[in-house]
Structure formats: C-alpha cells, structure tokens
Amino acid sequence: MTMTAMSTGEREHAVDIPPAAARVRKIIHVDMDAFYASVEQRDDPSLRGKPLAVGGSAARGVVAAASYEARAFGVYSAMPSVTAKRKCPDLIFVKPRFEVYRAVSQQIREIFAEYTAMIEPLSLDEAYLDVTENFKQMEIATEIALEIRAKIKQVTGLNASAGISYNKFLAKMASDLNKPNGQAVITPKNGPGFVEGLAVKKFHGVGPATAERMKRHGIETGLDLKQKSLAFLQQHFGKSGPYFYGIARGIDERQVRPDRIRKSVGAEDTFASDIDDLALATAELRPLADKVWRYCEANDISGKTVTVKIKYSDFTQATRSRTMAAVFSSAEELLDIATLLLAGVHPFRRSVRLLGVTLSSLTRETEQDSSQLDLRL
C-alpha cells in the first residue's frame, strides 16, 4: 500500500496515477480543514489556538463545526452543545455566519475552475475534481492538488487537505489520511489492498447503523465485505449492494458530476437504547432537524417535503411524509412538522431504535418567490 503525504510547498515524485492513456481517471477530493471554525479563527485573532465551536450555546443548541483545538477534547459537529461544553468547559461558542462561508467557498471554487470544469461540490467546504484532462495540461494529479491547496492558502488564508486516486470513493478516503493540511494518494495498484485492511465503519457512505448491520453479518473490514457475494449484498443491503460490492474491490465507476443537485437532505440516528416514550423520541428529532437545516443554510437551498423515518427494534420501519404549499424557512418549522408526523405513529408498535428526518422537493433559495416563504399549516 503506497500513500504519500505532503504539505504545501513539497513536490510529489515517483508515485502517481498512471497516465490518461491507460484510461485511468485522476480524481481529487479537496476538503477544507475545520472550515467554519477556521474562518472564524481567521477573522478574529483572539480565537486562534483556542477550542471553538460554531453553533448555539443554548441548552438545545447543536455544534455545527469544531476547531481542532476543540476536537482534542472530543467535541465534534452535530454534538449537543451541552455535551460539548461538558467535554470542554473552556469551549467558546460563536454564531455561524453562512454568508461569509459562502463567499469564501466561492473563492475556493474559482480556484478549482482554473484547473477543470469537472467540479462536483458536495458542500461549502468539499468537492470532487476530475483532472484527468485539465486546463493546465498537467500530467501529475498530486502536483495539481499541491498547487490548488497552496492557492487556497494564499487567497483565503485557510488550510485544505486533499485525496488523490482513480475513483471518487478512494479519493474521499485518501483526503482523510493526512488531515489537517496534508494530502495522500492511493494508486490503482494499492487501492484494493487499502480497502481490504480498512474497517467498514470508516468507509465513506457507511453510517453507524449500516456498519452495525454489517457487523451482524460478520462484515467488519473491507476484506470481510469482499468475501460476500453480490447476491448476498443485494439481499441484505438492497440498492446499496452493488456499490458495496464494487468498493470492496476498489471499484467505483461514479462520475464527477458538475453542478450536481441533491434530491434530498437527510439525517438519522441509531439510539444506544431503544425508545418507547413519545416525549423522548420527539426530543431526538431536534438534532436531526438542526443538522438538515444547517446543510440547507450552507448551500442556500430549502424544500417542501419532510419525511420522518422510524425503525423499530425488530428492524421493520415506517415513514410518514408531508408536502407543504411553500418551502420551509427555518429549522423550527421543519421540526414542528416532523414532530406532528412522529406523533401520528404513536403509540409505537414496538420500541424505536432509529429515527431519521429528510427534506426533499429541494430548490435553490434564489429560485424561490419570497412571497411564498410565509409557511402556514
């Protein structure tokens, strides 16, 4: 397994993805380091070097982002603010400034566009780039990643990490290998071996609930996953089965899709203990609604349809949806409808092990008629 780590200013040599003539793609995944928190520390020098959380500090607040100083105490995004404060008593909370994050993100995307038109933004702080063919006719993808990261630092003052590989899955995995402010490459020769040795719970696209389900089937590593047949994976994981079958072998044929528009935004959580009480279950909806809405705010989108997913202790599940006449305009409105939908399935036929909240029928804020933003039930 060959993975090469570099910091800005270093040059990669000897190791790279084979040339495009071999029809091997060159994919870069760029991920900004602690983006929201880093912007706040950049703009306010008094916050530098201190544990910082972007989000609300109120009793029902949620951490939207955490600085690396805060992460050292175990503080992470989507964590309830009261839990974060308990883990790090000196934690400083600042309110998010999404208009600033969007402006910085636009600067970063303009840098990407100097190299390729094949840019697939995933959020304000990360994107895939296909540089197999690029505007600067550079042969070595790691060289491109180094240049991009150096330009981001020069223009924004912020650090970025990058992963380079021959497909999206491995590029995403590689970008996490040398964070913060580093990069790594996974070659076609070493991709399958890298996946075999990796815990499936670390796979991008495998959440805690799926990882737990895989564990019950004896799948804990990439090698375990590779030993399962396509038929088995389709039987137990449905539409995701072929994807899991491919990535277990280092194969991911998904293309980098410029201007990708998501069909839905969702969040879900599997509880440590199953829940029978409606009030307790309702309380678990708030961090899910907040997480969904943070993504919507960051990406200037909203939607009209909310769906609540309920998975019971016997793994059967139910969903309830409602489509509104106008798009949602706040997390509170989203939470209100989700609460009504959950109440509609109470009393629960069994105890609840997982809840999910999804917003769909998405549109860009700029496409919406402002006269329709007054939501009524």
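Here is a short chat about a cavity, some strands and a helix in a predicted model.

Visitor: Hi! What should I know about the model before we start?
Guide: It is a predicted model, where local features need pLDDT of at least 70 and side-chain atom pairs count only at pLDDT 80 or more, while totals for chains, interfaces and linings use all residues. Residues are numbered from 1 along each chain as its sequence is written, and side-chain values use heavy atoms, with hydrogens and water left out.

Visitor: Great. How many cavities of 30 Å³ or more are there?
Guide: The count is 1. A cavity here is a set of points on a 1 Å grid over the protein atoms alone where a 1.4 Å probe fits but cannot get out. The volume is the space filled by probe spheres set on the points, which are joined across faces, edges and corners.

Visitor: And how much space lies in the largest cavity?
Guide: About 60 Å³.

Visitor: Which elements supply at least two residues of its lining?
Guide: Strand 1 (27–32), helix 4 (98–112) and strand 6 (126–130). Helix 4 gives the largest share, 4 residues. Helices (H or I, at least four residues) and strands (E, at least two) are DSSP runs, numbered from the N terminus. Lining residues have an atom within 4 Å of a point, and among them are Val-30, Met-32, Arg-109 and Phe-112.

Visitor: How do the lining residues divide into nonpolar, polar and charged?
Guide: There are 6 nonpolar, 2 polar and 3 charged. Ala, Val, Leu, Ile, Met, Phe, Trp, Tyr, Cys and Pro count as nonpolar, Asp, Glu, Lys and Arg as charged, and the others, Gly among them, as polar.

Visitor: Switching to strands: how do strand 10 and strand 11 run?
Guide: Antiparallel, with 7 bridges joining strand 10 (residues 301–312) to strand 11 (residues 317–323). Two strands pair if DSSP finds at least two bridges between them. Lys-311 has Gln-317 in strand 11 as its bridge partner.

Visitor: What sits between those two strands?
Guide: They form a hairpin with 4 residues between them, and Phe-315 in the turn has a positive phi of about 70°.

Visitor: One more. Which residues are buried in helix 8?
Guide: In helix 8 (residues 208–216), Ala-209, Thr-210, Ala-211 and Met-214 are buried, meaning under 20% relative accessible area with a 1.4 Å probe, protein chains only.

Visitor: What do they pack against?
Guide: Their partners include helix 9 (222–226), helix 10 (230–237) and strand 12 (352–364), with contact meaning heavy atoms within 4.5 Å. Just after helix 8, Gly-218 takes a positive phi of about 80°.

Methods
1 Å grid on protein atoms, 1.4 Å probe; cavity = no way out; pocket = protein on both sides within 12 Å on 5 of 7 lines; lining within 4 Å. Buried < 20%, exposed > 50% of the residue type's maximum accessible area, 1.4 Å probe, protein only.
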